[in-house]
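Please read the following briefing alongside the sequence and the model, which are shown first. The points after the lead are grouped by topic.

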Amino acid sequence: MASLKELKGRINSVKSTQKITKAKQMVAAAKLRKAQAAAEAARPYASRLAEVMGSLAAKVAGQDNGPLLMRGTGSDQRHLLVVVNTDKGLCGGLNSNIVKEAKLQARALEAAGKTVTFYLVGKKGRAPIKRDFPNAIAAGFDTSTVRTPGFDEAAAIAQELLAMFEAGKFDVAHLVAPKFKSALAQDPVTTQIIPVPAPTKIVVIDAVVEYEPGEEEILEELLPRYVTTQIFGALLEREASEQGASMTAMDNATRNAGELINKLTIQYNRSRQAAITTELIEIIAGAEAL
Amino acid sequence: MSLHFELVTPARLVRSEEVHMVVVPGTDGEFGVLEGHAPFMSTVKDGAIKVYKAAGAAPEEIKVQGGFAEVSAKGLTVLAEHVEG
């Protein structure tokens, strides 16, 4: 049995761990609210852009000479997986879930005879993906240098991806990112970003719309922006997911620490009592012997 | 007798209001949008959007960078990448 002093030390160390997890939980809860608000504020732009895309795509659809970003390179041999992970840990199974989804997609594509490369956003995905696909990581983007990744970071990522696409480094790009459902559930989802998938909901406008400069020029400028918006959305979702997962994980950790403290305190009191009883017996036995 | 004007950036919905007229700096030249304008779509260059709250009122200028303007039956929607102020 551990000595009284050892037990006391353990109780104190668990107590300070609990303080840390509790603080992290409260910080995450406060940040979650902010991240959720930011994600909501970005929605109007995304939905408007999708609407404009829809009406334009309906016009250009069916033409063979559409922009490269829309019709693709004509092959689907080389795939790029853009995996969005968080930069910090302490958020439960979020990152391992994202990595699991990315690996699942990669395996499925490889089984179909395609080649797969990775583009990693965020720190936490690097090590586990590198372990399984040591030679497949093409590039990455570090978001840990800024406090909250915003539109500028999304634009930088999109620019790099588009440059890679134009240089012919890949044919199809998929985005693997967490989708924030609630503080308890964040599911990683995979969506195709390049070539830009034709919108499912095609808005038919009866009136004749005038375009300035021309439909194709507008579409050409719109498509990169659409990719950027997708990535921006993923970054915002990631932020909300990270805080949500962190809050839940830290809540559990705090509760577990509390249970451990209770257990250790009971053990500590028992051994203390046992020590007192032994001492008493020794004194009484000594007195009787006289 | 008013135009529904919306200005949206990736970060937030900046404006959503009823105005008299908006002058937008299009890539092929500035254009003014009043109520009942024909459906129209244009790219926007860096510059200032002038918002006239009422006829004859002094315009309010909003500096924008890069984006699109769409005029539909619903009104004018400007999607800008950056908005100053």
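Buried means under 20% relative accessible area, exposed means over 50%, and partly exposed covers the range in between, with a 1.4 Å probe and protein chains only. At 30% relative accessibility, Q267(A) therefore counts as partly exposed. This is a predicted model, in which local features need pLDDT of at least 70 and side-chain atom pairs count only at pLDDT 80 or more, while totals for chains, interfaces and linings use all residues; side-chain values use heavy atoms, with hydrogens and water left out. Residues are numbered from 1 along each chain as its sequence is written, and chains are lettered from A and ligands numbered from 1 in the order in which they are written.

**Nonpolar cores**

- The largest nonpolar core has 46 residues, and those with the most contacts inside it are Y119(A), L161(A) and I194(A); such a core is a set of buried Ala, Val, Leu, Ile, Met, Phe, Trp, Tyr and Cys residues joined through side-chain atoms within 4.5 Å.
- At least two residues of this core come from each of helix 2 (43-60), strand 1 (78-84), strand 2 (115-121), helix 6 (151-166), strand 4 (172-180), strand 5 (186-194) and helix 7 (215-289) of chain A, where helices (H or I, at least four residues) and strands (E, at least two) are DSSP runs numbered from the N terminus.
- Helix 7 of chain A supplies the largest share of this core, with eleven residues.
- Apart from this core lies another, of 19 residues, among them V19(B), V24(B), I62(B) and V71(B).
- In soluble globular proteins, nonpolar side chains tend to be buried together.

**I194(A) and the cis peptide bond**

- Leaving aside neighbours within four places in sequence, I194(A) is in contact (heavy atoms within 4.5 Å) with L69(A), L161(A), L162(A), F165(A), F170(A), D171(A), V172(A), A173(A) and V227(A).
- The peptide bond from I194(A) to P195(A) is cis, with omega near -10 degrees, and P195(A) lies in the loop between strand 5 and strand 6 (210-212) of chain A.

**Helix 1 and helix 7 of chain A**

- Helix 1 (residues 4-41) of chain A packs with helix 7 of chain A at an angle of about 160 degrees, their axes being 7 Å apart; axes are lines fitted to C-alpha atoms, for helices over the stretch in contact, and angles run from 0 to 180 degrees between N-to-C directions.
- The two helices, helix 1 and helix 7 of chain A, are therefore roughly antiparallel to each other, given that angles under 35 degrees count as roughly parallel, over 145 as roughly antiparallel, 65 to 115 as roughly perpendicular and the rest as oblique.
- By class, the contact of helix 1 with helix 7 of chain A has 20 nonpolar, eleven polar and nine charged residues, where Ala, Val, Leu, Ile, Met, Phe, Trp, Tyr, Cys and Pro count as nonpolar, Asp, Glu, Lys and Arg as charged, and the others, Gly among them, as polar.
- Q243(A), found in helix 7 of chain A, is buried, with a relative accessible area of 7%, and, leaving aside neighbours within four places in sequence, is in contact with A28(A), K31(A) and L32(A).
- R33(A), in helix 1 of chain A, counts as exposed at 61% relative accessibility; the C-alpha atoms of R33(A) and G244(A), 211 residues apart along the chain, are separated by 9.2 Å.

**Helix 6 and helix 7 of chain A**

- The axes of helix 6 and helix 7 of chain A come within 8 Å and cross at roughly 125 degrees, which makes helix 6 of chain A oblique to helix 7 of chain A.
- The contact is made by residues including F151(A), L161(A) and L162(A) of helix 6 of chain A, and P224(A), V227(A) and L235(A) of helix 7 of chain A.
- By class, this contact of helix 6 with helix 7 of chain A has twelve nonpolar, one polar and one charged residues.

**Other residues**

- Q267(A) is also found in helix 7 of chain A, and Q267(A) and V227(A) are 40 residues apart in sequence and 59 Å apart in space, C-alpha to C-alpha.
- T43(B), in strand 5 (residues 40-44) of chain B, counts as buried at 2% relative accessibility, and its contacts, leaving aside neighbours within four places in sequence, include E212(A), P213(A), I218(A) and E221(A) as well as G26(B) and F68(B).
- L90(A) has a positive phi of about 55 degrees although it is not a glycine, and lies in the loop between strand 1 and helix 4 (94-111) of chain A.
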